Amino acid sequence: MAVVINGNGTVTGVTSGVGEVLQIQSTILDAITSFTSSSYTDFTNLNVSITPSSTSSKIWVGVEMCLSNTTNGNYGSARLRRTIGGSNEVTVNGPDKTGYSNAKGGLYGVYSYNSWYFGSPKICSSFFDAPNTTSVCNYKVQILSHTGTTRVGANGYYTNRDNTADVFLNTIIYAWEVRSACVSYTHLRAHETVLDLVC
């Protein structure tokens, strides 16, 4: 479909509602959860399901969390996974960096150093996914702990403090269905700009 903007500012060829948010789903957790596995493990209950109304819809999925690792010189990381109709699980946020054993292609990473139980502030990563389906899409988080314990929901603490010194923050995952609205520039012609929608 061509979108035409003429010299008078008139726009034609625009489909009504493009970019509209059609639905929002979210899950909020207020507990601290600890992980000790050296391979990615499902973060139980930190998931969200959404059923797109159209195969052309995009899903904006995001995660807000803080995490810490309690062992000096080690790290923890998180990644985002998606299934369609309960199968074909894939990583949404990108692969690990090849050639670097600790370069995880995750949502977040945290590294402890010099006896600090180092933690992140609350941070957010979000991604536009194009599942091309009207079947239910489930998004979940997985956590890896290289060594020691990786904790989600607390901002970390120093070795001579107890848990009351932590900063506790909610952990959130959300998914928004957005009506497709990708625009690709095509060409100019006399007194008009012509764009093609690629959705």
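This is a predicted model: local features need pLDDT of at least 70, side-chain atom pairs count only at pLDDT 80 or more; totals for chains, interfaces and linings use all residues.
**View 1. D129 and its polar partners.** D129 is buried, at 8% relative accessible area (buried is under 20%, exposed over 50%, partly exposed in between, with a 1.4 Å probe and protein chains only). Its side chain makes polar contacts with the side chains of R82, at 2.9 Å, and Y139, at 2.7 Å. A polar contact here is a pair of N or O atoms within 3.5 Å; within protein, one must be able to donate a hydrogen and the other to accept it, and residues adjacent in sequence count only if both atoms are side-chain atoms. Skipping residues up to four places away in sequence, D129 touches K58, I59, R82, V92 and Y139 (contact means heavy atoms within 4.5 Å).

**View 2. The four-strand sheet around β12.** The strands of this open sheet go β3-β16-β6-β12, paired antiparallel. Strands are DSSP runs of E, at least two residues long, numbered from the N terminus, and two of them pair if DSSP finds at least two bridges between them. β3 (21–29) and β12 (123–129) sit at the edges with a single partner strand each, so one side of each has no neighbour in the sheet. The twist averages 10° from one strand to the next (axes are lines fitted to C-alpha atoms, and angles run from 0 to 180 degrees between N-to-C directions). Between β6 and β12 there are seven bridges, with the two strands running antiparallel; I59 stands opposite D129 in that pairing.

**View 3. K140 in β13.** K140 is found in strand β13, residues 137–145. Buried or exposed? K140 is buried, with a relative accessible area of 15%. Its side chain is joined to that of D42 by a polar contact of 3.0 Å. Leaving out neighbours within four places in sequence, the residues in contact with K140 are D42, L46, N47, R79, L80, R81, E89 and I173. K140 and R79 are 61 residues apart in sequence, yet their C-alpha atoms are 8.4 Å apart.

**View 4. The largest nonpolar core.** A nonpolar core is a set of buried Ala, Val, Leu, Ile, Met, Phe, Trp, Tyr and Cys residues joined through side-chain atoms within 4.5 Å. The largest one has 22 residues, of which F43, M65, L80, Y139, V141 and I173 touch the most other members. Two or more residues each come from β5 (41–50), β6 (58–65), β8 (75–84), β13 and β16 (171–178). In soluble globular proteins, nonpolar side chains tend to be buried together.

**View 5. The three-strand sheet.** Here the open sheet has the order β4-β14-β7, with antiparallel pairing. Direction ignored, neighbouring strands are turned by 20° against each other on average. Three bridges join β7 to β14, residues 150–152, and S68 stands opposite R151 in β14.

**View 6. A31 in the loop between β3 and β4**. A31 counts as partly exposed, at 42% relative accessibility. Setting aside neighbours within four places in sequence, A31 is in contact with V152 and G153. A31 and T171 are 140 residues apart in sequence and 8.1 Å apart in space, C-alpha to C-alpha.

Technical notes: Residues are numbered from 1 along each chain as its sequence is written. Side-chain values use heavy atoms; hydrogens and water are left out.
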